[in-house]
Amino acid sequence: MNAHAVMGHYTCNMLWIKTLHIVLVASWFAGLFYLPRIFVNLALVEPGSEAERQRLLLMARKLLRFMNILVGPALVLGLVLWLYYGIGLGPGNPWMHAKLLFVVLALGYHHWCGRILRQIEIGGQTRSHLWYRGFNEWPVLIMLITVALVVIKPADLGEFFLHMALPIAALIAVTWVAIRAQRR
Ligand code: HEM
């Protein structure tokens, strides 16, 4: 297929950009899922096991660096699809604005992970492994909602979030149980 061939509303170039966007975003989220798992393991390190702590910190630093490299290109390709090719641009596309809100939440979560890692490095680790297990659930919800928004492209956001109420409630419950268990 040549670069300008059209498939439905898509040219071949658009489809390649979308492919790379999906691959980069999926790899970024793999990091958002795995970095808090390393925090869980760091919280479980026995006092005095300095070698183990340093090995986990090295893994966490490398993973965060990898995520920092991926996030820019992943989002720029999304912006190209939106602002240059015009998918989801203009009135009548509330799903795109909702998607952008969840992208901001994912960026905030990424930033928070970086802060937590710096805190742990300087020895300011105060949270339990259970807290990190709860924290670890949030990117699942962010990814589920973001992907559902772009695949379904709901015209009615109210109805969409009504369908999402169950997974959201389940996630809040899991986080709540984890944080309560920490307090005991
Ligand atoms: C600046 C942020 C982003 C912008 C502007 C953006 C924009 C877009 C646009 C315009 C499309 C094409 C939709 C279509 O072809 O119908 C797309 C596809 C897609 N995006 Fe993003 N995106 C962003 C971030 C993300 C993130 C963080 C995720 C995942 C959590 C994501 C997941 C996807 C997926 C799975 C598709 C393919 C949907 C399909 O083909 O049905 N995007 N994005």
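The model is predicted: local features need pLDDT of at least 70, side-chain atom pairs count only at pLDDT 80 or more, and totals for chains, interfaces and linings use all residues. Residue numbers start from 1 along each chain as its sequence is written.

## Overall build

The secondary structure of the protein comes to seven helices and two strands, where helices (H or I, at least four residues) and strands (E, at least two) are DSSP runs numbered from the N terminus. In order from the N terminus, the elements run β-β-α-α-α-α-α-α-α. The C-alpha trace spans about 60 × 35 × 20 Å along its principal axes.

Of the 184 residues of the protein, 20% count as buried. A residue is buried if 20 or more other C-beta atoms lie within 10 Å of its own, exposed if 12 or fewer, and partly exposed in between, with C-beta atoms placed from the backbone. Two residues are in contact if their C-beta atoms, placed from the backbone, lie within 7 Å. Among the contacts in the protein with a separation of 6 or more, 77% are accounted for by residues 24 or more positions apart.

## Helix packing

Two packed helices are described by the angle between their axes and the distance between the axes. Here axes are lines fitted to C-alpha atoms, for helices over the stretch in contact, and angles run from 0 to 180 degrees between N-to-C directions.

| Helix pair | Crossing angle | Axis distance |
|---|---|---|
| H1 and H3 | roughly 25 degrees | within 11 Å |
| H2 and H3 | roughly 160 degrees | within 11 Å |
| H3 and H5 | about 155 degrees | 9 Å |

Angles under 35 degrees count as roughly parallel, over 145 as roughly antiparallel, 65 to 115 as roughly perpendicular and the rest as oblique. A crossing is left-handed if the near helix is turned anticlockwise from the far one by less than a right angle, and right-handed if clockwise. In the residue classes used below, Ala, Val, Leu, Ile, Met, Phe, Trp, Tyr, Cys and Pro count as nonpolar, Asp, Glu, Lys and Arg as charged, and the others, Gly among them, as polar.

The axes of H1 and H3 cross at roughly 25 degrees, so H1 is roughly parallel to H3. H1 passes H3 in a left-handed crossing. On the H1 side the contact is made by Leu32, Leu35, Pro36, Phe39 and Leu42, and on the H3 side by Ala106, Tyr109, His110, Cys113, Ile116 and Ile120. These residues divide into 10 nonpolar, one polar and no charged.

The axes of H2 and H3 cross at roughly 160 degrees, which makes H2 roughly antiparallel to H3. The crossing of H2 past H3 is left-handed. H2 contributes Leu57, Ala60, Leu64, Met67, Val71, Leu75 and Trp82 to the contact, and H3 contributes Met96, Val103, His110, Cys113, Gly114, Leu117 and Glu121. By class, this contact has 11 nonpolar, two polar and one charged residues.

H3 and H5 pack at an angle of about 155 degrees and are therefore roughly antiparallel to each other. Their crossing is left-handed. The contact joins Trp95, Ala98, Lys99, Phe102, Val103, Leu105, Ala106 and Tyr109 of H3 with Trp138, Pro139, Ile142, Ile145, Thr146, Leu149 and Val150 of H5. The classes here are 13 nonpolar, one polar and one charged.

## Ligand shell

The ligand is surrounded by 19 residues, and the closest are Gly78, Leu81, Trp82, Ile87 and Thr146. A residue is near a molecule or strand if its C-beta atom, placed from the backbone, lies within 6 Å of it. Helix H1 (12-43), helix H2 (50-84), helix H3 (94-121) and helix H5 (138-152) each supply at least two residues of the shell. By class, the shell divides into 14 nonpolar, four polar and one charged.

## Single residues

Lys153 is placed in the loop between H5 and H6. Most residues other than glycine have a negative phi. Phi of Lys153 is near 50 degrees, a positive value in a residue other than glycine. Lys153 is partly exposed, because 15 other C-beta atoms lie within 10 Å.

Met164 sits in the loop between helix H6 (157-163) and helix H7 (165-183). With 15 other C-beta atoms within 10 Å, Met164 is partly exposed. Met164 and Val71 are 93 residues apart in sequence and 26 Å apart in space, C-alpha to C-alpha.

Leu144 lies in helix H5 and is partly exposed, with 15 other C-beta atoms within 10 Å. The C-alpha atoms of Leu144 and His129 are separated by 24 Å, and the two residues are 15 residues apart along the chain.
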